[in-house]
Amino acid sequence: SSAASDVYKRQLECDVKARLLGAHTKVVPVVSQSAEVVASEVLDPGISSFFTVLGSASQDVTAFRIQIDIKEITADMAYNAFRSLGMTFLGTIRPGFDTPYLNVPGDTDLTGRPLFYISAERVSPEALTDALRQQKTT
């Protein structure tokens, strides 16, 4: 759709200007994600409601972050541990990056990395550690 394309181009221009401002000043620019959400909604009707739910702390289901101290965690183990708790593993942050890493390959080592997940409630570090240890024994 050309409307979505126009919205995306305007958002891209804002992002470029924000990065330039940040590179040449001590200002930390914040660019609204709303134009990108509108473009996504035009291309994939209904998707904005998922963004709203996942980004809201007051919805029944939302995204959370946890970091636990357990060695040798793979993405497959995380997927299965979260699933055993009725939750959905989303991804992590790659070392040296500050952006989400989604669709993480199953053999990726997640030791020491933050884990992001979708759930109706926050999981305790103890419950997740137990679920991960169960994955190690299977």
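I took two rings of Phe, Tyr or Trp as a pair if their centres lie within 6.5 Å, with planes under 30 degrees apart counted as stacked and over 60 as edge-to-face. I note that the model is a predicted one.

Entry one, the ring pairs. By this rule I count 4 aromatic pairs. I looked up Tyr-79 and Phe-89, whose ring centres are 4.9 Å apart and whose planes stand at 85°, so I record the pair as edge-to-face. Since Tyr-79 belongs to helix α4 (residues 75-84) and Phe-89 to strand β2 (residues 88-93), the pair ties together parts that are 10 residues apart in sequence. I find Tyr-79 partly exposed, at a relative accessible area of 22%, whereas Phe-89 counts as buried at 5% relative accessibility.

Entry two, a further pair. For Phe-82 and Tyr-117 I read ring centres 4.8 Å apart and planes at 25°, so this pair is stacked. It links distant parts of the chain, with Phe-82 in helix α4 and Tyr-117 in strand β4 (residues 115-119), 35 residues apart. Phe-82 is buried at 0% relative accessibility, and Tyr-117 is buried at 0% relative accessibility as well.

Over which rings does the charged end of Arg-94 sit? I find it over the ring of Phe-97, 5.6 Å from the ring centre, and also over the ring of Tyr-101, 3.8 Å from the centre of that ring.

Terms used. Residues numbered from 1 in each chain as written. Predicted model: local features only at pLDDT ≥ 70, side-chain atom pairs only at ≥ 80, totals over all residues. Heavy atoms only, no water. Phe/Tyr/Trp six-rings, centres within 6.5 Å; stacked < 30°, edge-to-face > 60°. Helix = DSSP H or I, 4+ residues; strand = E, 2+ residues; numbered from the N terminus. Buried < 20%, exposed > 50% of the residue type's maximum accessible area, 1.4 Å probe, protein only. Lys NZ or Arg CZ within 6 Å of the ring centre and 35° of its normal.
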